[in-house]
Amino acid sequence: MEKANNGFKRLLTQMKSGIIDNNPTFVLVLGMCPTLATTTSVTNALGMGLATTAVLAFSNLFISLLRNIIPKQVRIASYIVIISGFVTAVEMLMKAYLPSLDESLGVFISLIVVNCIILARAEAFASKNKPLPSLIDGISIGLGFTLALALLGTVREIIGAGTFFGVPLFGDAYQPAQLFIMPAGAFITLACLMAGVNYLRSRKR
Amino acid sequence: MKEIFLLMFSAIFIENFIFARFYGCCPFLGVSEKPDTALGMGMAVTFVMTVSSAATWTVYEYLLLPFGLQYLKTIAFILVIAGLVQFIEMFLKKFVPALYSSLGIFLPLITTNCAVLGAALTNIQNGYNFAESVAFGFSAALGFTMAIVIFAGVRARLRLASPPKPFKGMPIALLTAGLIAMAFMGFSGMRIA
């Protein structure tokens, strides 16, 4: 019982580290392309975040399982092959079951392959740790990424389109500030959110 | 010829890789501290993207299509790009050491630059032929280079400014990128291609 409790505590710390202290978007500033490109609505942002989480969790697990077999010299190439295998799987599943989401995310599903977060976690964590912690690391970093994307998507969709999950919020009289769902708005929203996170972190200390 | 020119103009200004499509934002934010390094990165990307557009188009048309393996295109393209980058690195090191010493450090980073894979996939998605693919890869990379050099110039000035504390570093840089993107929105009124 004691041991299980300890394990659970460790798990919670690891989750917190992935989601908050080492948040890939706001703290590490990794994986910016999907963050900026797919957050025009909450639905797209969540879809992208969860797809990335799935790839990250499975690639971390498998890279960790294979960590003693993969030769050091070709490790990056091997990681890329493993990652792109899972990306292709996600891509095909999405085409089959969520065609409308696949349509709106477009090429960015394939571009999960070159998301630096995934390669960074493979190199920094999964290649040095046991399978279970690697899987948990993948899930928590992925959830941190999803959370950041959803936050960005919420702000952009509400201000830029006046809707939330596609449901109109303010009635017909509201004129949405379309700038926020355009590319320029992505940069500006992310800048403001990042500054907000910095402010909160500096106050906590 | 006119189509190619329009396609190139559109790829550089209207559909700029950074400011309209968000391909290649990692190096855009990561390697834009100084204008010279930004230019070096841009040139390396231009070189790789032109060659890789040609290579991936050929692989898709003559290897994947005839065997009905389109669903493997992500894996195939990333392998082609990784191999190509490795080959270019070795080639430059051996035969053009001067160029290698200026571009060498950027080359390994390019494998995970989504602009390169993004261009390869866009070529296929839009059904470009060989010449159009190469022209698109080259001009999209030129647009990337232009964006990263402009941004690095602004960032060099930003270092002397004193923004509010929470905005220091990345947030103010992103805000500037937003303003540049807004300027680029002016091009979107030009519907030519």
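Reader: Is B:Phe22 buried or exposed?
Author: In this predicted model, B:Phe22 sits in the loop between α1 (2-14) and α2 of chain B. Its relative accessibility is 5%, and because the cut-off for a buried residue is under 20% relative accessible area, B:Phe22 counts as buried.

Reader: What is the phi of B:Phe22?
Author: Most residues other than glycine have a negative phi. B:Phe22, which is a residue other than glycine, has a positive value instead, and its phi is near 60°.

Reader: Where is A:Phe165 placed, and what is its relative accessible area?
Author: A:Phe165 also carries a positive phi, near 55°. Its place is in the loop between β1 (163-164) and β2 (167-168) of chain A. A:Phe165 is partly exposed there, with a relative accessible area of 43%.

Reader: How far apart are the end C-alpha atoms of helix α4 of chain A?
Author: This helix covers residues 75-97, which makes 23 residues. At 1.5 Å a residue, such a helix should span 33 Å, and the distance between its end C-alpha atoms agrees with that expectation, being 33 Å.

Reader: What covers the buried residues of α4(A)?
Author: The buried residues of this helix include A:Tyr79, A:Ile83, A:Phe86, A:Glu91 and A:Met94. Their cover includes elements of chain A, namely α3 (42-65), α5 (99-105) and α6 (116-126), together with an element of the other chain, α4 of chain B.

Reader: Which residue caps the N-terminal end of α8(B)?
Author: Helix α8 of chain B runs over residues 130-158, and its 29 residues should span 42 Å, in agreement with the 42 Å between its end C-alpha atoms. At its N-terminal end, a side-chain oxygen of the capping residue lies 3.3 Å from the backbone nitrogen of B:Ala131, and that capping residue is B:Asn129.

Reader: Which residues does B:Thr46 touch, not counting residues up to four places away in sequence?
Author: B:Thr46 is found in helix α3 (residues 35-64) of chain B, and at 10% relative accessibility it counts as buried. With sequence neighbours up to four places away left out, the residues that B:Thr46 touches are B:Phe138, B:Ala141, B:Leu142 and B:Thr145.

Reader: What separates the C-alpha atoms of B:Met43 and B:Phe144?
Author: B:Met43 belongs to helix α3 of chain B and is partly exposed, with a relative accessible area of 42%. Beyond residues up to four places away in sequence, B:Met43 touches B:Leu103 and B:Thr145. Although B:Met43 and B:Phe144 are 101 residues apart along the chain, their C-alpha atoms are separated by 9.6 Å.

Reader: Which helix gives the largest share of the side of chain B that touches chain A?
Author: The area buried between chain B and chain A is about 3,000 Å², with 85% of it from carbon and sulfur atoms, and the count of salt bridges between these chains is zero. On the chain B side, at least two residues each come from α2 (25-30), α4 (73-95), α7 (114-125) and α9 (170-185). The largest share, nine residues, comes from α9(B).

Notes: Residues are numbered from 1 along each chain as its sequence is written. Chains are lettered from A and ligands numbered from 1 in the order in which they are written. This is a predicted model: local features need pLDDT of at least 70, side-chain atom pairs count only at pLDDT 80 or more; totals for chains, interfaces and linings use all residues. Side-chain values use heavy atoms; hydrogens and water are left out. Buried area is the accessible area (1.4 Å probe) that two parts lose on being put together, summed over both. A salt bridge is a side-chain nitrogen of Lys or Arg within 4 Å of a carboxyl oxygen of Asp or Glu. Helices (H or I, at least four residues) and strands (E, at least two) are DSSP runs, numbered from the N terminus. Buried means under 20% relative accessible area, exposed over 50%, partly exposed in between (1.4 Å probe, protein chains only). Contact means heavy atoms within 4.5 Å. The expected span of a helix is 1.5 Å times one less than its number of residues. A polar contact is a pair of N or O atoms within 3.5 Å; within protein, one must be able to donate a hydrogen and the other to accept it, and residues adjacent in sequence count only if both atoms are side-chain atoms.
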